[in-house]
Amino acid sequence: MGTVPVYPWRLAPDGLATRRQLRAAGLRPGGQDVVAQLERPRYRRGPLIGFLYRIELALPVRPMTEAKAGALAKANAARRTCPACCRDAGYVIPASLGMCVPCAYPEEQRAT
């Protein structure tokens with residue numbers, strides 16, 4: 001990739017945008033290389049980095065197809081299904097617990 005110009009936060013030249021800015025405009029980088037980066041200083045930590053892409057080379061976002069929407073719904077349903085009781089918890093199961101809250105803490109659920 002080589003070296004790229006570095007700009008201070010909010011001082012990037014016109015015609016460049018981050019991934020989020022491209023997405024907000026309905027665009028995607030489309031395989032182009034990073035042309036510059038932004039650096040936002042932080043107190044006692046390294047700076048936040050944002051990569052910049054050319055807006056004129058960006059491509060439109062691919063539309064959501066029925067197959068993609070179905071796969072996304074299936075993946076989200078799997079994230080909500082408790083592996084211990086096999087029920088839909090109604091929320092995404094925390095990775096720290098690995099199961100729904102009633103299965104992780106059964107004695108606390110009985111006390112209430």
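Two rings of Phe, Tyr or Trp (its six-membered ring) pair if their centres lie within 6.5 Å. By that rule, the whole of this predicted structure holds zero aromatic pairs.

## About the model

This is a predicted model, in which local features need pLDDT of at least 70, side-chain atom pairs count only at pLDDT 80 or more, and totals for chains, interfaces and linings use all residues. Residues are numbered from 1 along each chain as its sequence is written, and side-chain values use heavy atoms, with hydrogens and water left out.

## The sheet

Let's start with the strands (DSSP runs of E, at least two residues, numbered from the N terminus), which pair if DSSP finds at least two bridges between them. Four of them form an open sheet with mixed pairing, in the order β1-β4-β5-β2. Because β1 (6–8) and β2 (16–17) each have a single partner strand, one side of each is left without a neighbour in the sheet.

Strands β4 (residues 36–42) and β5 (residues 45–54) run antiparallel, joined by six bridges. Ala 36 faces Leu 52 of β5.

## Charged side chains

Arg 40 sits over the face of Trp 9, 5.4 Å from the ring centre; this asks for CZ of Arg or NZ of Lys within 6 Å of the centre and within 35 degrees of the ring normal.

How many salt bridges does the whole structure have? There are two, counted where a side-chain nitrogen of Lys or Arg is within 4 Å of a carboxyl oxygen of Asp or Glu. One joins Asp 88 to Arg 80 (3.4 Å, N to O), and another joins Arg 54 to Glu 56 (4.0 Å, N to O).

Key:
Helices (H or I, at least four residues) and strands (E, at least two) are DSSP runs, numbered from the N terminus. Rings of Phe, Tyr and Trp (its six-membered ring) pair if their centres lie within 6.5 Å; planes under 30 degrees apart count as stacked, over 60 as edge-to-face and the rest as tilted.
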